[in-house]
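Subject: Structure for your review

Dear colleague,

Please find below the structure that I would like to hand over to you. A summary of the findings follows it.

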Amino acid sequence: MPPPLFPPAGRPGPASSRNNKLKLPAHRMTTATASGAYPFLAEGGLGAEGIYIGRDVHAEASFVFDPFALYGKVEGFTNPNVLLAGVIGQGKSALAKSFALRSIAFGYRVYVPCDPKGEWTPVARALGGTSIALGPGLPGKLNPLDAAPRPPSVSETDWAGEIRKRRLLLLGSLARTVLGRDLLPMEHTGLDVALDAVVTRAAESGRTPLLGDIAATLNNPDELDTAGGLMSGRLGDASRDLAHAMRRLVHGDLAGMFDAPSTVTFDPNSPMLTIDLSRLGGSGDDTALVLAMTCASAWMESALSDPNGGRRWIVYDEAWRLMRHPGLLQRMQSQWKLSRGLGIANLMVIHRLSDLLTAGDAGSRGRALAEGLLADCSTRIIYRQETDQLHAAAALLGLTSVETEAISHLNRGRGLWRVAGRSFIVQHQLHPHELALFDTDARMH
Ligand SMILES: Nc1ncnc2c1ncn2[C@@H]1O[C@H](COP(=O)(O)OP(=O)(O)O)[C@@H](O)[C@H]1O
Ligand SMILES: [Mg+2]
């Protein structure tokens, strides 16, 4: 057995090792070089401005963080978005919730567009916010085709174009997710034509368009062919699969929830708004939940289009479920591009870094989207990863071997924070009130 590195006091190690230690020349290097070997050495914190998170384990100091304060001040910090990854039960949601709670004290607002476990509802209630519960037999309904209110700086024509683009992106993503494949060129045209026909008709009767109207139009080949003009005689046939895909959202397990005028009006002054999808009913099939998450997100994101809405957080807890569907990733990524100009930061919670890779093989569009989304997160917080995930995590995030080693040994509430290329090990500290409010273990018992 090799002698211990630091022999206990009063019991010196073998003479040879003691002498070797004394003869070692002092090794000097720049902090930049040292940080490669030992990344936590060269850090002086991120500044005193921000929201208290807990303890910087290596610096023995408080760790505070505020992406809005760092944005534009720290080199390489190009966006306020945060990726949070870790195995189940490590305290990812607890961190997101305490970050949300503490942000509200700074005047931020917090939005949780899809909460599949219903665990954010007590948090919203405690903070004077609102929760909308969706599920069979519940009164709440959301129309994902609701038009976002027009910001005063944008002309009516431009805004109409923007809304059309967003609706098409949503419809295309939903259809791709149900069909499990990319849309064919004629199917794109079919959706286009159906949307325009439905919007025109809805405007004439003073209603908002609904997913059910789109499904009905897609299911009516004659109407599509007439509306399609030059494509006449073919568009109706080419849109058959689309019609079936849309039917899934209108009938079946999601019936009524996303196919009716919204029963909720968005209150921009509420400090927190969450959408509780825990009563959706588990059919064993993830697709219904994932489609519901997408519709709920689209509705909420469009309500957040006010550029004067202040600093806001959108928390995508359990976002890993969406990662497997390139159509949904694409929608999310365009939403993130829009949100930057609106003072909105996104926090995305996943389990493993390889969740990002399930969107497609290397070189595929899904993979490119996932990597783009990762690049859109200047802050990456890595909680404990399974041993077989370490390699993927290190490769995707460009971690040093010391960092990789560190993330295999993290305890609950402790994570590797990579903020624009700098590294910290941070222990998230929960106040007893927070602990009681956030306890997800209690529900399991
Ligand atoms: N920093 C922490 N200190 C003490 N307990 C914590 C901490 N973070 C989380 N917990 C507890 O661990 C349990 C699981 O946390 P949770 O946030 O639901 O995990 P995850 O979202 O990663 O699955 C919760 O009951 C919570 O109260
Ligand atoms: Mg969680």
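Two strands pair if DSSP finds at least two bridges between them. With that term in place, I can describe what was found; please note that this is a predicted model.

The sheet

The model contains an open sheet of 11 strands with mixed pairing, in the order S2-S1-S11-S10-S9-S3-S8-S7-S4-S6-S5. Its edge strands are strand S2 (61-65) and strand S5 (130-133), each of which pairs on one side only. On average, and with direction ignored, neighbouring strands of this sheet are turned by 25° against each other.

Two helices pack on this sheet. Helix H4 (residues 92-104) touches S1, S2, strand S3 (82-85), strand S4 (109-115), strand S6 (272-276), strand S7 (312-316), strand S8 (344-350), strand S9 (379-382), strand S10 (414-419) and S11. The direction of helix H4 makes about 135° with that of S1. Helix H12 (residues 286-303) touches S4, S5, S6 and S7, and its direction makes about 155° with that of S4.

Strand S4 and its neighbours

Strand S4 is largely enclosed by the rest of the structure, because six of its seven residues are buried. S4 runs parallel to S7, and three bridges join the two. With S6, strand S4 also pairs in the parallel sense, over four bridges. Tyr111 has a partner in each of these neighbours: Tyr111 stands opposite Ile314 in S7, and its bridge partner in S6 is Leu273.

Strands S1 and S11

An antiparallel pairing is found between strand S1 (residues 51-56) and strand S11 (residues 422-428), which are joined over three bridges. Here Asp56 has Val426 of S11 as its bridge partner.

The ligand

Which residues come nearest to ligand 1? Of the 16 residues around the ligand, these are Gly89, Lys92, Ala94, Asp439 and Thr440. Several distances describe how ligand 1 is held in the model's coordinates. An oxygen atom of ligand 1 is 2.7 Å from a polar backbone atom of Ala94, and an oxygen atom of the ligand is 3.1 Å from a polar backbone atom of Gly91. For Lys92, the side chain is involved: one of its N or O atoms is 2.8 Å from an oxygen atom of ligand 1. Taken alone, ligand 1 exposes 560 Å², and the protein buries 88% of that.

Yours sincerely,
A colleague

Methods: Residues are numbered from 1 along each chain as its sequence is written. Chains are lettered from A and ligands numbered from 1 in the order in which they are written. This is a predicted model: local features need pLDDT of at least 70, side-chain atom pairs count only at pLDDT 80 or more; totals for chains, interfaces and linings use all residues. Side-chain values use heavy atoms; hydrogens and water are left out. Axes are lines fitted to C-alpha atoms, for helices over the stretch in contact, and angles run from 0 to 180 degrees between N-to-C directions. Contact means heavy atoms within 4.5 Å. A residue is near a molecule or strand if one of its heavy atoms lies within 4 Å of it. A polar contact is a pair of N or O atoms within 3.5 Å; within protein, one must be able to donate a hydrogen and the other to accept it, and residues adjacent in sequence count only if both atoms are side-chain atoms. Accessible areas come from the Shrake-Rupley method with a 1.4 Å probe; for residues, only the protein chains shown count as cover. Buried means under 20% relative accessible area, exposed over 50%, partly exposed in between (1.4 Å probe, protein chains only).
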